[in-house]
Every structure is written in C-alpha cells, then in structure tokens.
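Trainee: Could we go through this one together, term by term? I would like to hear what stands behind each label.

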Amino acid sequence: MSTADTGTGPGTVTATPVVSSREEVARKPASVANLAIGFILLVCGLFIVVDLIQLGLARKQQIDDTNVAVTNIAHALQRHADDALKSADVSLIGMIKLVETEGTGPRGQGHLAALMGQNANALPQINAYFAYDERGRSLVDSTPFYVQQDVSDRDYFLFHRDNPGRDAHVGPLIKSRTTGSWIITVSRRVNHPDGSFAGVIVAALDLEYFKTFYDSFDIGKEGLIFLGTNKGTVLVRRPLYEQYVGKTMIDTQIFRDHIAKNASGLVTFRSTVDNKIRLTAYDHLQHYPLYVFVALSKQEALSGWVEDTIMHACGIGVLVLTLALLGWRLVRQIRLRARTEVSLREARDSLNELNATLQRLALEDGLTGLANRRHFDLALQEELSRATRNASSLALIMIDVDRFKQYNDIYGHAAGDECLRQIGRAVKNVSRRSGDLAARYGGEELAVLLPNTDLAAALEIAESLRHTIDALKIAHAGNPVGNVTVSAGIDALMPARADDLPETLIRQADQALYQAKRQGRNQVCAATDVL
Ligand SMILES: Nc1nc2c(ncn2[C@@H]2O[C@H](COP(=O)(O)OP(=O)(O)OP(=O)(O)O)[C@@H](O)[C@H]2O)c(=O)[nH]1
C-alpha cells in the first residue's frame, strides 16, 4: 500500500498496526463467564434460601398447629374432668341432704341405698357410692354385695373428720377395698343436727372411665396426659404406669414454674425422665383443685415436616444439580468460544504481521534498505499528481556511483555490495523531509524524489549528498580521486497538466546525470545545464 493513500508521502512505508492485546480479547469473554457463574450461583442460592425460608415457615406452622391442638385437648380434658366430678358431687349433695333429713336408721338407709343405686346407674363415671358413720364404718353402699369396711384411716375420712367445712374433697387415686378397682374419690361430710361430725358419703369415680376417654385422643407414642391435684399428686396418667400414680409432681420444674402459678398455659419443656422435648398445655379445673396436663412430643409433631423437608431437599438438590450442570456446560461453551476467538485473533494478527512484512518486502530494496524501483515508480506517479493538483514543484536527483565496474573488479562483488549499502545509508540521511523518497533505481544507480522542492533546493541537496559520500572516503583505487565518488543529475518541474509523464522527469534528470559523467564525474548537473 502506498503512503499516498494516507497522505503521509510516498517515502514512508506503513503497515497495518498489529493488534496483540490478547488479555483484552480474553478478558471480555472471561467476564461473561464469571457473570454466568455468578448468575448460576445466585439462582441456586436463591432456590436454597427460598426453600429454607419456606421450610422454616412450615416448621413454625406445624409447631403452632400442634400448640393449638394440645391446647384444645387440654381444654376438652379439663371440661370432661370438671363435668365428671361435678355430676358426681351434685349426686353427693342430694344424698347428704337425705341422710341429714331422714337419719341413718333403717328407713333412711333404705332411701339412701336407692338413691345411690339410681345415681350409680345414671352416671357412667361412678364406680360406687359409700356412706360411713362417724367412726368410719360402712353404713350403705351402691355395690350389689355389702361388705363391712373400716375407712377410718382413709384420707377422705380423716379430712372431713378434721375439717368442719362442707365443701367436696377430691382424694388421691386409691384401690377400692370393696370393689378392688382403682378409684378417685369425691366425698362430702355428713353432720349431726348439732353440726358435729356424723360421717362421710363418698362417690368413687372409676379410673377406667378417665383412661378410656384419654385413650380416645391421638397423642402419638410419646404423648402424655395427666390428671393431678393442685398439690401435685398424679391421679390419672396416660400411658398408665402404676408407679407414677399417686406420686407427686410438686418438685418438677413445670409444676413449680407453670402449673402452680397459672390457671392455664402453654409451655415447651424437655423431660428430665426421657430427655424428650414436648409441647405442653395445662388447664386447671374450674370447680375442683385439679388440673389436666397434655404433652405432645415435638419430634413426633414435626415428623411430617421432616418427611417434607427430606423430599424438598431431594427436589432442590436435583434442581440445583441440574442448574449447576447446565451452568457448567454454558460456562464451558463461553470459555471455548473465548479461546476460539483468541485463536482467531492471534491468527489474524499473525496474518497482518505477515502482510506487513510482505508489503515491506514488496516495496523495499533488499540490499540497501531503500525503496525499490516499484515503490519509486508508484511514488513518482503519485507525487506528480499531487504536484499537479497543488501546483507545486517536484524535484528528482539521479545518482550514479563513479567507476563502479572497476570497484567491483578491484575489490570484489561483495565489497561492491557493501559500498552500495554505505552509499544507500548516506542518501537516506540526506533526504530528511517526510515526503522525500530515496530509492535504488537500478544497479548502482540511486534516485531521490523531493516533493515541494525547486531546482535550486534540489541542487543544494544533491551537492550535500555528493560531499557526504566523498567524505566517506571509501577507498577506490580505480578512481583518480582515490575514493568512491558519485555523480548526480537533477531536474525539477512544476507539472501544468495531469498527464505530464513521469518519464519526462526521469529522462531529464538522467540526461543531467549523463552530462555530469561526461564532464568528469564527481559532480552535480542540473537538467538546465544539459547541452
Ligand atoms: N557489487 C555490485 N555491483 C553492481 C550492482 N549493480 C550493478 N553493479 C555493477 O555496477 C557496474 C556499473 O558499471 P557501468 O554501468 O559500466 O559504469 P561504471 O563502471 O560505474 O562507470 P561510470 O558509470 O561510467 O562511472 C557494473 O559492473 C555492475 O555489475 C550490485 O548490486 N552490486
């Protein structure tokens, strides 16, 4: 490519700049790959976070639901126990009234036995009714088999004997001496007309009645139900282990910190017996000093949630793995594309470098490094057109080494080549303007093209060139001067028409050179001097 195209003058050979910023090329796809990795990680992370939040909410919901369920069960049990005791107690009040009105004679006892039988049949919770005199001996009971008993040592008997109050007394779980069943006693005091202690009437509530009801609730394998007194004694327990019945809970933390202080409540606690965490609700009976206590295992309550969590984790795991796999393939494709792009750019850069070298070689003389003849011809044509357009002067110096044939003969062809190289460097240094072009015209003949230069200026340059080469003092035994000299012919013209031929300028400069040779060599002649 001629520099005329770029306007920098025909003397400069420019090659297409080679883009070799490989990092820059690689950085862009690398950042795309990083973006893709970041995006995939973000999506996977979001999936996991959203699922964790959902699982957390589901877990909380499950616990809330269990708390509601346990509270409802506790309330139902409290109402059930309260109603069972209340109806038994109401029946006792009727019997007390009958005994205190009719006395404990045969007639009174008959009426009392009838009333006891009616109530025992009507109330499913009643195991039996018993009436005892002031010494604790049996008077009447509702059992089909009358057995004389002494209950003077029983808790309820001692309580009423020692307490003049007329309220009902709920005793601990005991084994009936008459029926052999486990019973809870509700008892009331019978007074003589003067208010002194006349005995007690006892309603024995069947443990089985409570147990059957408590068994109807689904509380899991680790659930607990207690019915206990406000003094901490356990009356009924599910599951029923007899070693716990009658024991006191008064020293347990849940009783001390919660049941003893509040009417009802909800609490999560870790059992000191089996170390299980339980969601627990307790509720005190409205009319009797008892409470119910229901506890559901937290682990069992969350078992459904745990199953869901495992399913979710598997689902999310598969999803995240699939995403990661797709993402990995995507990133691999991006990186592959990036590498291909880099390779293509490298190939293009190498090609550009090669092109530049070829271009340079196509326009450069291999021996002297000056522009070659082809380059010179193109530049001359271009500069002539430019000079025509700009109405400027174009000068040409044709240079020929004097007696060079002899030089070759004396010093050899290789020395002749070296001599030409030295002269080439000198010629190159003399033409300093960017538009100037120093070329090897052919053989030992060189040319310097000088745009915007008139004859006088060209003459000066040519003289300077001749002096410079003379000053090199390259020994030449065949030259009378003793060293290598050159002759130069110059011409300058201001082309009037676009079709002024380059040959004209060359011919005239060449003729001037011939004149210089004829006149004795080692001199400069202008075309105007040609005879
Ligand atoms: N070493 C060398 N010699 C060359 C090269 N090109 C041309 N020559 C020689 O240059 C010589 C030119 O000789 P001539 O044209 O007879 O002219 P001359 O001997 O220089 O005599 P004048 O020009 O009359 O002073 C020839 O012998 C060519 O072989 C080259 O690249 N290297």
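Trainee: Which helices and strands supply at least two residues each of the lining of the largest pocket?

Mentor: Strand 6 (224–229), strand 7 (234–238), helix 5 (253–259) and strand 8 (264–270) each do. Helices (H or I, at least four residues) and strands (E, at least two) are DSSP runs, numbered from the N terminus. Bear in mind that this is a predicted model, where local features need pLDDT of at least 70 and side-chain atom pairs count only at pLDDT 80 or more, while totals for chains, interfaces and linings use all residues. Residues are numbered from 1 along each chain as its sequence is written, and side-chain values use heavy atoms, with hydrogens and water left out.

Trainee: What makes a set of points a pocket, and what makes a residue part of its lining?

Mentor: On a 1 Å grid over the protein atoms alone, a pocket is an open set of points where a 1.4 Å probe fits, with protein on both sides within 12 Å along at least five of seven lines; a lining residue has an atom within 4 Å of a point. The largest pocket holds about 600 Å³ of space. Its lining has 26 residues, and T252, F269, S271, T272 and V273 are the closest to the centre.

Trainee: How is that lining divided by class?

Mentor: There are 12 nonpolar, seven polar and seven charged residues. Ala, Val, Leu, Ile, Met, Phe, Trp, Tyr, Cys and Pro count as nonpolar, Asp, Glu, Lys and Arg as charged, and the others, Gly among them, as polar.

Trainee: Why is F217 called buried, and what is F213 called?

Mentor: Buried means under 20% relative accessible area, exposed over 50%, and partly exposed in between (1.4 Å probe, protein chains only). F217 has 19%, so F217 is buried. F213 has 25% relative accessibility and therefore counts as partly exposed. By that rule D141, in strand 2 (residues 138–141), is buried because its relative accessible area is 10%.

Trainee: Why is the pair of F213 and F217 called edge-to-face?

Mentor: Rings of Phe, Tyr and Trp (its six-membered ring) pair if their centres lie within 6.5 Å; planes under 30 degrees apart count as stacked, over 60 as edge-to-face and the rest as tilted. For F213 and F217 the centres are 5.3 Å apart and the planes are at 85°, which gives an edge-to-face pair. The count of aromatic pairs comes to 13. One aromatic cluster is formed by Y209, F210, F213, Y214 and F217.

Trainee: What makes R373 a charge over the ring of Y441?

Mentor: A charge sits over a ring if NZ of Lys or CZ of Arg is within 6 Å of the ring centre and within 35 degrees of the ring normal. R373 lies over the face of Y441 at 3.9 Å from the ring centre, and R59 lies over the face of W305 at 5.5 Å.

Trainee: What stands out in the backbone at N275?

Mentor: Its phi is near 65°, a positive value in a residue other than glycine. N275 is in the loop between strand 8 and strand 9 (277–284), and at 49% relative accessibility counts as partly exposed. There is also a cis peptide bond between R238 and P239, with omega about -5°; P239 is in the loop between strand 7 and helix 5.

How values were computed. Points joined across faces, edges and corners; volume = space filled by probe spheres on them.
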